[in-house]
Amino acid sequence: MKKFSVLITFLFLAIAANAQTKIGTIDAEYIISKMPEINNVNDGVKAYNESLQADVENAIQAYEGLIKNYQDSTAVFTEDVKKQRENQILGLENEIKQFRQRSQVMMQMKRNELTQPLYKKIDAAMQEVINEEGYTQIFHAGGGALAYSQQGSDITEKVMEKLGISIEEVNTTQPSADSNNANSN
């Protein structure tokens, strides 16, 4: 009976050991900032922004032309024509305001469109690391949402290595708590 109890205990411990989770973190935004392809993304966003700005400038020129035409010809217009031109000017003014508001959303959508292939590359490399090292959960470490992560659980550098991105050395010149205590003694 005693041997049976020991056997069950070892079996339970073996199952528990296999059932443990391995949790890791990744900072995809950091990886994207280090990818060489980010320059193409930035150039694409810049070109799109310039295109949007050109559209706004054209609309503003048309708006200014309508105002000048209205001011120059207001004496010869009938009240109905004046009202029609004023409505046309106000309509174009509102379109310009709405376009400026939408342009920020449009810029973010363009950035998302251009970075989507980069995220797919990161995901593929991350899946390789997950499969190779047996991770069961990965959390995003960027944005300050993660309260704590064990030092060895961050797979950001491993994913960067899979992508062929060089890892720059981090400046570690800040004194640690241990060195501060040693200096005060």
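Predicted model: local features only at pLDDT ≥ 70, side-chain atom pairs only at ≥ 80, totals over all residues.
**Overall features**
- Of the 185 residues in the protein, 21% are buried, while the accessible surface comes to about 13800 Å², with 52% of that area belonging to carbon and sulfur atoms.
- When contacts in the protein between residues at least 6 apart in sequence are considered, 81% of them join residues at least 24 apart.

**Surroundings of V41**
- V41 counts as buried because its relative accessibility is 4%, which falls under the 20% cut-off.
- Once neighbours within four places in sequence are left aside, V41 is in contact with R111, L114, T115 and L118.
- For T115, which lies 74 residues from V41 along the chain, the C-alpha atoms of the two residues are separated by 6.6 Å.

**The largest nonpolar core**
- The largest nonpolar core has 30 residues, and those with the most contacts inside it are I26, I31, M35, I122, I155 and V159.
- At least two residues of this core are supplied by each of α2 (28–34), α3 (38–73), α4 (79–133) and α5 (156–163), with the largest share, 11 residues, coming from α4.
- I155, one of the residues with the most contacts inside the core, is in contact with T25, I26, M126, V129, Y135 and I138 when its neighbours within four places in sequence are left aside.

How values were computed: Residues numbered from 1 in each chain as written. Heavy atoms only, no water. Core = buried A, V, L, I, M, F, W, Y, C linked by side-chain atoms within 4.5 Å. Buried < 20%, exposed > 50% of the residue type's maximum accessible area, 1.4 Å probe, protein only. Helix = DSSP H or I, 4+ residues; strand = E, 2+ residues; numbered from the N terminus. Contact = heavy atoms within 4.5 Å. Areas by Shrake-Rupley, 256 points an atom, 1.4 Å probe, with all protein chains shown as cover.
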